[in-house]
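Let's walk through some side-chain contacts together, one question at a time. Have the structure open and follow along.

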Amino acid sequence: QVQLVESGGGLVQAGGSLRLSCAASGNIFNIDLMAWYRQAPGKQRELVAQITSSDITNYADSVKGRFTISRGNAKNTVYLQMNSLKPEDTAVYYCNVRQILSDRTVYGYWGQGTQVTVSS
């Protein structure tokens, strides 16, 4: 089992910045992918950014150039630096990790979510 604890959400004006953090604990071996998703009211959850164990990153088109995903030195923490925030970035942001065990069983874990609200 992997536990995820997110922090860093809040209320910010358009054009401002926030930094989200997600710390993984428990059986954190063989985590090959860490990601941030978001879900706005009435919309489906969508991928925002992801980073592999080799530090390869991928971003949604809507956040490219504004958001940066990174991992901490201990590799059990993932960050999302969000700059130039827009009202349409308002959503609950969820941390997600993928774990692949030696028998190739794949597990996915979700954090509890953190609210980001961008006012115009």
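Q: Which residue's side chain meets that of Lys64 in a salt bridge?
A: Here a salt bridge means a side-chain nitrogen of Lys or Arg within 4 Å of a carboxyl oxygen of Asp or Glu. In this predicted model, local features need pLDDT of at least 70, side-chain atom pairs count only at pLDDT 80 or more, and totals for chains, interfaces and linings use all residues. Side-chain values use heavy atoms, without hydrogens and water, and residues are numbered from 1 along each chain as its sequence is written. With N to O at 3.1 Å, the partner of Lys64 is Asp61.

Q: Is Asp61 buried or exposed?
A: The terms rest on relative accessible area: buried is under 20%, exposed is over 50%, and partly exposed is in between, using a 1.4 Å probe and protein chains only. Asp61 has a relative accessible area of 65%, so Asp61 is exposed.

Q: How many residues apart in sequence are the parts that Asp89 and Arg66 tie together?
A: Asp89 forms a salt bridge with Arg66, and their closest N and O atoms are 2.7 Å apart. Asp89 sits in the loop between β8 (77-82) and β9 (91-100), while Arg66 sits in the loop between β6 (57-59) and β7 (67-71). Strands here are DSSP runs (E, at least two residues), numbered from the N terminus. The pair therefore ties together parts whose separation in sequence is 23 residues.

Q: Which residues are joined with Asp89 into one network of salt bridges?
A: Asp89 is buried at 1% relative accessible area, and Arg66 is buried at 11%. Salt bridges that share partners join Asp89 into one network with Arg66, Glu46 and Arg38.

Q: Is Arg38 buried or exposed?
A: The side chain of Arg38 meets that of Glu46 in a salt bridge, with N to O at 2.7 Å. Glu46 has 36% relative accessibility and counts as partly exposed. Arg38 has 7% relative accessibility, so Arg38 counts as buried.

Q: How many salt bridges does a search of the whole structure find?
A: Among them are the pair Lys64 and Asp61 and the pair Asp89 and Arg66. The search of the whole structure gives a count of seven.

Q: What is the handedness of the disulfide between Cys22 and Cys95?
A: A disulfide is a pair of cysteine sulfur atoms within 2.5 Å, and those of Cys22 and Cys95 are 2.1 Å apart. The pair links Cys22 in strand β3 (residues 18-26) to Cys95 in strand β9, 73 residues apart. The torsion about the S-S bond is about -80 degrees, so the disulfide is left-handed.

Definitions and conventions
Helices (H or I, at least four residues) and strands (E, at least two) are DSSP runs, numbered from the N terminus.
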